[in-house]
Amino acid sequence: MIQSYLTVSILLFCIGIVGVISRRNVFTVFMSIELMLNAANLAFVTFSRLHETMDGHVLALIVMAVAAAEAALALAVVILLHKHKGQLDTNVFSLLKG
Amino acid sequence: MEHNVTFLGYIPLLPLIGAAVLGFFHIGTCNRKPLNEKFYGLVACIGPLLAFVLALRVFLTLKGMPEEARYLSQKAFTWFQVGDLDITMGFLADPLSSLMLVFVTLIGSLIHIYSIGYMEGDKNIGKFFAYLNLFLGSMLILVLGDNPVVMFVGWEGVGLCSYLLISYYSEGTDNVLAGNKAFIVNRIGDLGFVLGMAFLFWAIGAGGFDYFSLKANAHSLTPGIALAVCLLLFVGATGKSAQIPLYVWLPDAMAGPTPVSALIHAATMVTAGVYMVARFSFLYAHVPVAGEIVAWVGIITALVAAIFGMFQDDIKKVLAYSTVSQLGYMFAGVGVAAYSAGIFHVFTHAFFKALLFLGAGAVIYAMHHEQNIWKMGGLKNKMPKTYITMVIGALALAGCPPFAGFFSKDEILYSALATGHVGIWAVGVLVAGMTAYYTFRMIFVVFHGEPRDQEAYDHCHEAPAVMTVPLIILAVGALLAGFLNLPAIFGGHQQVTHWLAPSLVEHHPHASLFVEILAIGASVAAFVIGIRIAYKRFAVGAEEPVFSGFSKFAYHKFYVDELYDGIFVQPYKKIGNAIRKTIEPSVTDAPVTLVSKLYMVIGTAFKVFQVGYVRVYAIYMIVGLSLMSLLLSQSLN
């Protein structure tokens, strides 16, 4: 039973990684990151249930709070990026190229 | 009698505080509306005047002491202590330094007051007065220091201030170059001074490095070391006091404002070398050879500078060469072991040279900054006060009895004759005649005859009271200072010589009355002949001469500047350029460029990873995290 929860969590996490790496739209990348966070949350809650303690729940709540804060910041960054170049393709932002 | 006092340190400190305050106000307001000039002038005069009052107090306190124990000292703090070298920031006032103190602060104060008038309307007047105060403070440290190291602090201080003040009108390249020249030439001399001090310390420094200990230990010096120390210290003196071969900076120092010239030539700076030799009389007295060299260098400098002085056309340059020449006399005096005569000439010279420079300043001020004497003429009707005071100064300089210069110069020449230095005496008499000639050439051309430039003549006017009052005070000094050391032949008691006796190591030569009368007679005859030739040539209607032959050679100062330029400056530049072109790129720069190239190669190699796409960086991160997780899981098992 536990295994299937964890499998779902791993699947979600991998989907998130693939999204971050392969997609070029800033919003999609951002959503993929959120997906990875939720995969981690799922794993926390699962282990919490397994060990019958509340630690995992607490951590999951903290992650949610952090995710909310991050969302607020990230959206502001996205707006600035859009103002700067007029589009949201990540390949456009390549100033760090050596 | 209490010898330790606490007020000595304030004498140099007061002008230094003044310099700091003035500098602070100047920096604070230089980009805004400037403060009132009068404020600066007033603040600048407080320090020197208070220092003068304290100097008088020192003098009177010393006077009240028994003759053999006349000194005051103050150990302010231990400056540094390394091995045997224990240097205190100590001050010592003995008869020698107290005499210097009194006239340095008196003349310094008068020059400060005069500057209020002369520098009127200058936009950097705060800076000027700050430097002037700093100059005076440095000189007072030099005079008051109780060991050679503290003296050296003041020695360097006056060198720095001379640089700052000579290039004060820094808009002109020539002025800046003149300042550089003064500073560099002084540094050459300073090297000699430092080496001399080091030798002295190496030989007898272990027993203490203040003057009393050095004097007590001086007998243990071997003759060779003593000679080396004396000559090295004298190299320092030639730099600071403008003797051959390092005199070249002083005439160029005329680029500074006239009060600065007066301060350099009369009260501070150039007298330092003579003071130093007198201060170390306990060394020089035991090395007659060194004294001989000092005396000959001095008298030859006096001769050469007098020749230059006879052909100059800039009023300040005439005076500059006369200073070099008079300094030569002083060194001739201290060289023949007549230290008190040398110092007495420093003392009288300070009055009449300050007077002449300030008078020349008043003329230049009136002529709207014209310095060529061939553009002046007939000024005596327009500027009677300046004329009369300058004539007094000129008579004193030329050695007319009974003005100040006569007694001091005669004392030196008499000492030379009485100690058997007939050659030095003969050259000295010749120079005395030349001094009278060039001094009155200047007076006649500037003040007598017909105006050469009618327009400038019509616009010129007497200087304001703030400038003429110091002139009058100095004229009184130039008139009367000589009587302080009236020799026995005129019914005097040589008070200055007796006053200085405890500080100096000298033996007064005894010569017959005939020698004394011969010395006086020759001096007076030289004066009369010199002034008579000058009168004949320049009193009426002299025109600017065209130089040829020897006079052209002398007008160009024997091409000494060009010679130094050719021998030292140009080869130095060439060596520098050669090093810059050959050694620098291949030897010193090569490793540095190599290192920078190495980093560039490494950077190019690693550049390929920096693709600039966010996604790729995310991959790096994931790969890195995965590897870390793998490692961690390995170590857990």
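**Exercise 1. Determine the handedness of the crossing of H15(B) and H16(B).**

Step 1. Recall the rule: a crossing is left-handed if the near helix is turned anticlockwise from the far one by less than a right angle, and right-handed if clockwise. Helices are DSSP runs (H or I, at least four residues), numbered from the N terminus.

Step 2. Apply it. H15(B) and H16(B) cross in the left-handed sense.

Step 3. The axes of H15(B) and helix H16 (residues 384–398) of chain B come within 9 Å and cross at roughly 145 degrees. Axes are lines fitted to C-alpha atoms, for helices over the stretch in contact, and angles run from 0 to 180 degrees between N-to-C directions.

Step 4. Name residues that meet. Contact requires C-beta atoms, placed from the backbone, within 7 Å. H15(B) brings residues including B:Phe352, B:Gly359 and B:Val363. H16(B) brings residues including B:Thr386, B:Met390 and B:Leu397.

Step 5. Sort by class. This contact has 9 nonpolar, 4 polar and no charged residues. Ala, Val, Leu, Ile, Met, Phe, Trp, Tyr, Cys and Pro count as nonpolar, Asp, Glu, Lys and Arg as charged, and the others, Gly among them, as polar.

A note on the model: it is predicted, local features need pLDDT of at least 70, side-chain atom pairs count only at pLDDT 80 or more, and totals for chains, interfaces and linings use all residues. Residues are numbered from 1 along each chain as its sequence is written, while chains are lettered from A and ligands numbered from 1 in the order in which they are written.

**Exercise 2. Find the residues that touch the most other members of the largest nonpolar core.**

Step 1. Define the core: buried Ala, Val, Leu, Ile, Met, Phe, Trp, Tyr and Cys residues joined through C-beta atoms within 7 Å. Buried means 20 or more other C-beta atoms within 10 Å of the residue's own; exposed means 12 or fewer, and partly exposed lies in between.

Step 2. The core has 215 residues, and B:Ala354 and B:Ala478 touch the most other members. Helix H15 (residues 339–366) of chain B gives the most, with 19 residues.

Step 3. List partners. B:Ala354 touches residues including B:Ile107, B:Ala262 and B:Leu474.

**Exercise 3. Explain why helix H11 (residues 271–279) of chain B is largely enclosed.**

Step 1. Count. In H11(B), 9 of the 9 residues are buried, so the rest of the structure largely encloses this helix.

Step 2. Check names. B:Tyr275 and B:Arg279 are among the buried residues.

**Exercise 4. Describe chain A.**

Step 1. Chain A has 3 helices and 0 strands.

Step 2. Chain A contributes 11 residues to the contact, and chain B contributes 10.

Terms used: Helix = DSSP H or I, 4+ residues; strand = E, 2+ residues; numbered from the N terminus. Contact = placed C-beta atoms within 7 Å. Lists of a residue's contacts leave out its neighbours within four places in sequence.
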